[in-house]
Amino acid sequence: MSRAERLFDLLQILRRHRRPVSGAVLAQEAGISLRTLYRDIASLQAMGAQIEGEPGIGYVLKPGFLLPPLMFSAQEIEALALGLQWVGRRTDEDMGQAARNVMAKVAAVLPADLRERMEDDAMVVGHGWERPQAVDLALLRRALNEGRKLSLAYTDEKGARTERIVWPVSLGFFESTRVLVAWCELRDGFRHFRADRIEAAEILPERLPRPRRQLMKEWRQTLLPESDSTMRYHISRSGNTRETRMSTDTKSADLVFYTNPQSRGNIVHWMLEEIGRPYTLKVLDFTTTMKAPEYLAVNPMGKVPAIRHGETIVTEAAAICTYLADAFPEANLAPEPRHRGDYYRWLFFTASCLEPATSNHVIGWDPSPDMEMRFGYGSYARVLDTLSAWLEGRTFVAGDRFTAADVLLASHLQWGMMTGMIEKRRVFEAYIEPHVNRPAAKRADEQIEKLTAQHAWKAA
Ligand SMILES: N[C@@H](CCC(=O)N[C@@H](CS)C(=O)NCC(=O)O)C(=O)O
């Protein structure tokens, strides 16, 4: 019995007794100890019930006292209405219907002014970034609630289709997608399945081998620790004569990487994996930790990515990639001198032409023809055409091997084409293909996926 129910019962018992009644009798009738009774009487008195008497003498309730009904402040009603609106719009049909029912039930018992507040449309939840989904979320929820295995037909980001049996653990609702966390029998490990990539799902009769909560605990333990990927690397790759350019102090200094898994930080994440040195990863939240004084001391822009390498702080994805290639020459991510011209040219072109041209274009703003000469990038079309012409027939943007410039450019092109910021061109797709499939890029992707889930579940 909840405490509220207990207090309610006690009130009813007191109402039935018109004369003072001893604590022992009240406790016996209520089925509670004397100690609890004294505490509950004090609670009722604090709520305004006029209960006269004291231990040893007996108690009587003066008429007229009613426990207040469940009541909300105006702000609580707004919070409830906003949350219910969100559920109504961003989940599945059944859940949405349930949210609308709750709304109607609560509204029915509210006083007129609060009901008005609840039905007011001063705050509206938008539809979000909807991705078409073949499978009803209600089915995934049912599998979670019933603790049953699911059979899935799943297409991954590369378009490969697999059939899997999974043990559902949790369903995350994010701004642009829903993710099912599940143990995958095919991969023998926890995996994250984007709901919009699940093509078919069937609930199997078999139950989960372990309770869902237990699996949730196990899954949490597989997520990257807040911070650190230090154990993953062999630290020394000495032998390269160019290492002597760096002082030993700088080389062995700590490398701290500030990021958010849904940001340009992912460019640097890939770069760090290419470098193969230990680093400490700090995931920042866009509105809180990224704007806190500790981080503003690192990057007063309050933006990620940033790195700290010993005493050196570097911000700006392009600058970080360039710095890391120089700071760790043994990783061979900067070209030899004869290719440095192309290398710097395309690094800067990516940061100062491609990036603003595509960001402006996607929001529907392009310099008018008479303004093009005032903008460093001229126009969206000029930037893409220039880049296409350069990349035609090339595997690497500068020189004859992979460099930091490829990390930066391939990241921008991949992200741009995926989000529609950059139009898909055969030459761009052919260029990025071998790069984004490098082991370091895949390692970064895997960690980013885990961090995204971890960060979102932690915030939830
Ligand atoms: N010029 C910076 C851009 C960094 C940037 O805009 N980061 C975004 C995430 S992709 C950010 O931190 N936004 C948070 C904010 O502006 O409050 C770079 O290239 O690194």
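Reader: Which residues make the nonpolar surface patch?

Author: Val362, Ile363 and Trp365 make it, with an area of about 320 Å². This is a predicted model, where local features need pLDDT of at least 70, side-chain atom pairs count only at pLDDT 80 or more, and totals for chains, interfaces and linings use all residues. Residues are numbered from 1 along each chain as its sequence is written, and side-chain values use heavy atoms, with hydrogens and water left out.

Reader: What counts as a patch?

Author: Patch residues have over 30% relative accessible area and no salt bridge. Nonpolar side chains (Val, Leu, Ile, Met, Phe, Trp, Tyr) are joined within 5 Å, like charges within 9 Å. Areas come from the Shrake-Rupley method with a 1.4 Å probe, and for residues only the protein chains shown count as cover.

Reader: Where is Val362 found?

Author: In helix H13. Helices (H or I, at least four residues) and strands (E, at least two) are DSSP runs, numbered from the N terminus.

Reader: Val362: buried, partly exposed or exposed?

Author: Partly exposed, at 42% relative accessibility. Buried means under 20% relative accessible area, exposed means over 50%, and partly exposed is in between (1.4 Å probe, protein chains only).

Reader: Charges next. Which residues gather in the patch of negative charge?

Author: Asp113, Glu116, Glu119, Asp120 and Asp121, on the surface. Asp and Glu count as negative and Lys and Arg as positive; His and the chain ends are not counted. Each charge is placed at NZ of Lys, CZ of Arg, CG of Asp or CD of Glu.

Reader: And where does Glu119 sit?

Author: In helix H6, residues 112-119. Glu119 is exposed, with a relative accessible area of 57%.

Reader: How many salt bridges are there?

Author: The count comes to 25. The rule asks for a side-chain nitrogen of Lys or Arg within 4 Å of a carboxyl oxygen of Asp or Glu. Side chains of opposite charge can pair when their charged atoms come close.

Reader: Take Arg264. What is its partner?

Author: Glu355, with the closest N and O atoms 2.6 Å apart. Arg264 lies in the loop between strand E8 (255-259) and helix H10 (265-275), and Glu355 lies in helix H13 (residues 340-362), so the pair ties together parts 91 residues apart in sequence. Arg264 is partly exposed at 43% relative accessibility, while Glu355 is buried at 19%.

Reader: What about Arg382? Which residue does it bridge to?

Author: Glu372, with the closest N and O atoms 3.1 Å apart. Arg382 is in helix H14 (residues 380-391) and Glu372 is in the loop between H13 and H14, 10 residues apart. Arg382 counts as partly exposed at 46% relative accessibility; Glu372 counts as buried at 18%.

Reader: Which residue does Arg426 meet?

Author: Glu392, at 3.2 Å, N to O. Arg426 belongs to helix H16 (residues 426-436), and Glu392 to the loop between H14 and helix H15 (404-419); the two are 34 residues apart. Arg426 is exposed, with 55% relative accessible area. Glu392 is partly exposed at 46%.

Reader: Which residues join into a network through shared partners?

Author: Arg142, Glu146 and Arg148, linked by salt bridges.

Reader: On to strands. In what sense do E5 and E6 pair?

Author: Antiparallel, over six bridges, with E5 covering residues 178-184. Two strands pair if DSSP finds at least two bridges between them. Ala182 stands opposite Arg191 in E6.

Reader: How many residues of E6 are buried?

Author: Five of its six, in a strand that runs over residues 189-194.

Reader: What do E5 and E6 form?

Author: A hairpin, with four residues between the strands. Asp188 in the turn has a positive phi of about 55°. Asp188 counts as exposed at 58% relative accessibility.

Reader: What is the phi of Glu316?

Author: About 80°, a positive value, and Glu316 is not a glycine. Glu316 is found in the loop between strand E11 (312-315) and helix H12 (317-327). Its relative accessibility of 49% makes Glu316 partly exposed.

Reader: Last one. Which residues does the cis peptide bond join?

Author: Val304 and Pro305, with omega about 5°. Pro305 is in the loop between helix H11 (293-296) and strand E10 (306-309).
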